Amino acid sequence: MTDKTTPLHLEHVGLGASMTPFGGWLMPLRYTSDLAEHRAVREAAGLFDLSHMGNIKVTGPGAAAFLDHALVGYISKVREMGARYSMICAEDGSVLDDLIVYRLAAEEYSVIANAANAELVLGKLQERTAGFDVVLKDVQAGHALIAVQGPRAAEIMRATTGLVEDAEISGGTAFADLKYYACLRMRFEGEPVLVGRTGYTGEDGFEIWVPAEQAVALWRALLAAGAPLGLVPAGLSARDSLRLEAGMPLYGHELDTTTTPFEAGMGRVVRLDKVSDDGTPLPFVGRDALAARKTSPPARVLVGLRGEGRRPARADYEVVRRGTGTEPGTVVGRVTSGAPSPTLGYPIAMAYVTPEVSAEGSELAVDVRGRAEPFVVVPMPFYRRPQN
Amino acid sequence: MADFPENLKYTTEHEWLEESTPAVIGVTDVAAEALGDVVYLELPDVGATVEAGAVVGEIESTKSVSELYTPVSGTITEVNSEAVDNPEIVNQDPYGKGWLFKVEVTGAGELLTAAQYAAHTGS
């Protein structure tokens with residue numbers, strides 16, 4: 001199967017990016033240096049092409065009730081022009097994907113899915129529409145998604161030529177007042193674009209849905225405005241190390257069909273308190289399994305690990321008890337993501353471990369290619385941005 | 001743009017070798033580029049006897065880990081402790097400050113000229 005390319009593909013090639021297949025798409029892995037791109041996002045800003053993300057429009061009088069039924073979150077409670085992190089689970093409570101849901105109007109939502117799961121999510125949602133007055137539409141192809149992430153993101157957005165506010169379409173919010181996990185409509189060169197104050201880096205930032213025809217112009221305008229402020233294009237490699245430092249799960253690593261949101265430490269997204277109009281508990285897909293899971297002790301829990309040495313742990317390495325010397329001890333878990341943290345300067349990892357070794361301060365080790373490297377359980381996120 | 005100094009020999013594992021006494025070994029800029037930012041180096045012990053083609057260490061970048069091979073047989077006489085402390089110099093100066101280890105050579109494996117290596121990498 002040939003990997004799909006985004007409307008910004010030639011921009012990436014022109015910028016000299018190393019391209020890599022990701023979720024069925026050919027995406028920029030890095031433009032220059034993973035570390036430089038990571039640091040730019042922490043210190044100034046990075047520009048990301050996220051056009052591979054799935055985008056499913058849900059419209060109709062039954063849209064809110066449908067999403068309450070199909071997803072684990074309380075989506076009918078999201079206010080207009082608000083956004084919510086949620087998940088779609090199977091009947092057995094396992095996670096099919098994690099999602100961002102934007103409510104664009106009373107009867108209109110956008111569901112943003114991971115690229116690799118976009119087709120599956122659309123299919124599952126379609127299956128769950130029975131009895132709801134709702135229409136689903138895959139609108140990904142007509143759009144690009146561009147993210148500006150970093151402490152200077154807002155400044156860059158304001159400096160971008162052609163990107164302007166329009167109170168008639170904004171949805172009621174001025175750009176200056178846009179809250180985290182909310183969105184508004186602006187215009188870029190006359191055409192409406194959707195701007196969410198959302199991201200996956202642990203920094204302030206914006207994600208902009210733009211019609212595909214204008215993607216290149218917006219990308220260039222953002223780069224032109226941002227470059228003097230330290231903005232650089234950033235690839236998937238930096239995106240991965242940024243989200244890991246921020247303690248954010250990545251589907252296929254921390255989340256998959258063998259995991260429920262509770263084991264992943266994401267139980268808060270499961271809203272067992274959802275009620276129907278008559279006040280009775282609202283039956284949603286996965287509810288019974290998730291209610292049972294909530295009250296039963298988990299077999300494994302997701303923890304953060306900090307390396308005491310310099311060798312990083314990688315995904316799929318075994319977490320072991322500390323033995324004697326460098327001999328790995330008994331296996332107590334498995335690493336789901338791991339890397340040297342560019343911001344913190346030591347190795348960090350996320351891992352599923354058995355509950356008895358999961359307490360903060362628990363001294364464990366990771367079997368790094370035959371040698372036990374010491375790691376200790378620490379709270380997540382590993383990195384939290386400075387608050388002004 | 002790939003750069004392969006004429007005075008060096010190369011291997012298909014993307015190492016370079018300076019045929020001095022002792023021989024100096026490092027990784028090429030093709031390897032440095034493919035790896036991404038190098039963050040950790042595991043180099044052989046000084047005094048160790050190594051066989052051409054054997055794994056003698058590892059090079060770890062932000063995204064991946066690769067094995068480090070020796071293109072020659074012999075005894076390790078020195079390793080670059082500055083590169084161990086500051087692995088980014090492997091990316092910045094792969095043929096200079098980013099050298100990795102030195103070997104008192106007793107035998108060599110298959111070595112390529114700069115032109116042959118360039119052909120091998122398709123540059």
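This is a short walk through a structure with chains A and B, starting with the domains of chain A and ending with the sheets of chain B.

A word on the model and the labels. The model is predicted, so to speak of a local feature I need pLDDT of at least 70, and side-chain atom pairs count only at pLDDT 80 or more, while totals for chains, interfaces and linings use all residues. Residues are numbered from 1 along each chain as its sequence is written, and chains are lettered from A and ligands numbered from 1 in the order in which they are written.

Let me begin with chain A as a whole. Its domain assignment gives domain 1 (9-53 + 141-245), domain 2 (54-124 + 260-296) and domain 3 (301-378); such bounds come from an automatic or database domain assignment. Between the centres of domain 1 and domain 3 of chain A, taken over C-alpha atoms, there are 33 Å. Where these two touch, domain 1 of chain A gives 7 residues and domain 3 of chain A gives 6 residues. Contact here means that the C-beta atoms of two residues, placed from the backbone, lie within 7 Å. On the domain 1 side, the elements that give two or more residues are helix H2 (34-43) and helix H7 (236-245) of chain A. H2(A) has the largest share of that side, with 4 residues. Helices (H or I, at least four residues) and strands (E, at least two) are DSSP runs, numbered from the N terminus. By type, that side of domain 1 divides into 2 nonpolar, 2 polar and 3 charged residues. For these classes, Ala, Val, Leu, Ile, Met, Phe, Trp, Tyr, Cys and Pro count as nonpolar, Asp, Glu, Lys and Arg as charged, and the others, Gly among them, as polar.

Next, the contact between the chains. How many residues of chain A are in contact with chain B? There are 11 residues of chain A, and they meet 7 residues of chain B. On the chain A side, H2, H7 and strand S17 (331-340) each give two or more residues. That side divides into 4 nonpolar, 3 polar and 4 charged residues.

Now to strand S3 (residues 45-49) of chain A. Here 5 of the 5 residues are buried, so the strand is largely enclosed by the rest of the structure. A residue is buried if 20 or more other C-beta atoms lie within 10 Å of its own, exposed if 12 or fewer, and partly exposed in between, with C-beta atoms placed from the backbone. A:Ala45, A:Leu47 and A:Asp49 point one way from S3(A), and A:Gly46 and A:Phe48 point the other way. S3(A) runs parallel to strand S14 (residues 231-233) of chain A, joined by 3 bridges, and A:Ala45 stands opposite A:Leu231. With strand S9 (residues 143-149) of chain A, S3(A) runs antiparallel, over 4 bridges; there A:Asp49 has A:Ile146 as its bridge partner. Two strands pair if DSSP finds at least two bridges between them.

Helix H4 (residues 118-127) of chain A has buried residues A:Ala118, A:Val121 and A:Leu125. Seen down the helix axis, the buried residues of H4(A) fall within an arc of 65°, so they line one face of the helix; the arc is that of the directions from the helix axis to the C-beta atoms. Turned away from the buried side are the exposed residues A:Gly123, A:Gln126 and A:Glu127. Among the elements covering the buried residues of H4(A) are helix H3 (63-70) and strand S5 (82-89) of chain A.

The hairpin of S19(A) and S20(A) has 2 residues between the strands, and A:Arg369 takes a positive phi near 50°.

Last, chain B. An open antiparallel sheet of 6 strands has the order S1-S2-S3-S9-S8-S5. Its edge strands, S1 (9-10) and S5 (49-50), each pair on one side only. Another open sheet, of 3 strands, has the order S4-S6-S7 with antiparallel pairing. Strands S4 (38-42) and S7 (65-69) of chain B stand at its edges, each with a single partner, so one side of each is left without a neighbour in the sheet. Within S7(B) sits B:Tyr69, which counts as buried because it has 20 C-beta neighbours inside 10 Å.
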